[in-house]
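Good morning, colleagues. Please turn to the structure on the screen.

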Amino acid sequence: MSEVSSIKTSILVTNAIMTFMWIRVLRTLFEMATRENNAEFCETNLKPALVNAIVTSFLEGVNAVMGVTKSNPANVIMFVVVRAGVEFLAAPALPCDCMQHLFTAACWGFGEMCRFGCFTVDGIMGGSDTAKSIRYTVGPVAFFCGAFGEWLMVIQVLRTGNPDRSALVTAFIVFCVMAWPIGFVSLFKQLLKQRKKHFKAQANKRKNI
């Protein structure tokens, strides 16, 4: 097997694994809806599913840093680190089954299932305009909703009184609340730029038919 084929296979397997991990998050959320004790189920099932999915998502950052994908390493790392920070630092300060956490988890799960699922289909087919179009249609909506959910979680942490919280920690949370929209705009602009480029290329293809 050539080096190029090995890299493509590695990326395909990585994307398939990440698709599965985020499908597991969505499946857990659906299962929660059928249970009465959501708080306990959330702690014992949803949290581990989210942790596994987020940790696995760091593989995307590794691929970007190593140059095996065209993704911007800085954007990918910031995207994953922010999500990890929300789940590992902000979420523990809130009830697992609170509205903000469940909404954010659902947006993450749906968006990443579609994104990595489209990557997987694109890899299997050796290039799929349909998969890319779905990704660039669903992606901006899911990303916007997910980022909004993350912001709501951080705001809720700030609103939640904690007598043991130091002034420095409080100041950091305030900084995060204020900086969140700035970071979101930077990543969202990049996503919209990619979306515009893709659909412009599709329009040119149709003109040349």
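I begin with two residues, E60 and R115, both of which are buried. Please bear in mind that this is a predicted model. E60 and R115 form a salt bridge, in which the closest N and O atoms are 2.7 Å apart. E60 belongs to helix 2, whereas R115 belongs to helix 4, residues 99-125; the pair therefore ties together parts that lie 55 residues apart in sequence. The two residues are also members of a network of salt bridges that links E60, R83, E112 and R115.

Let me turn to another pair. K205 and D129 meet through their side chains in a salt bridge, at 3.0 Å from N to O. K205 is in helix 6, residues 167-208, and D129 is in helix 5, residues 129-159, so this contact joins parts 76 residues apart in sequence. As for accessibility, K205 is partly exposed at 43%, and D129 is likewise partly exposed, at 32%.

Which residue forms a salt bridge with E43? The partner is K47, with the closest N and O atoms 3.5 Å apart. Both residues lie in helix 2, residues 38-66, and are separated by four residues, about one turn of the helix. E43 is partly exposed, with a relative accessible area of 40%. K47 has a relative accessibility of 17%, and it counts as buried because that value is under 20%.

In total, the structure holds seven salt bridges, including those I have described.

Notes: Residues are numbered from 1 along each chain as its sequence is written. This is a predicted model: local features need pLDDT of at least 70, side-chain atom pairs count only at pLDDT 80 or more; totals for chains, interfaces and linings use all residues. Side-chain values use heavy atoms; hydrogens and water are left out. A salt bridge is a side-chain nitrogen of Lys or Arg within 4 Å of a carboxyl oxygen of Asp or Glu. Helices (H or I, at least four residues) and strands (E, at least two) are DSSP runs, numbered from the N terminus. Buried means under 20% relative accessible area, exposed over 50%, partly exposed in between (1.4 Å probe, protein chains only).
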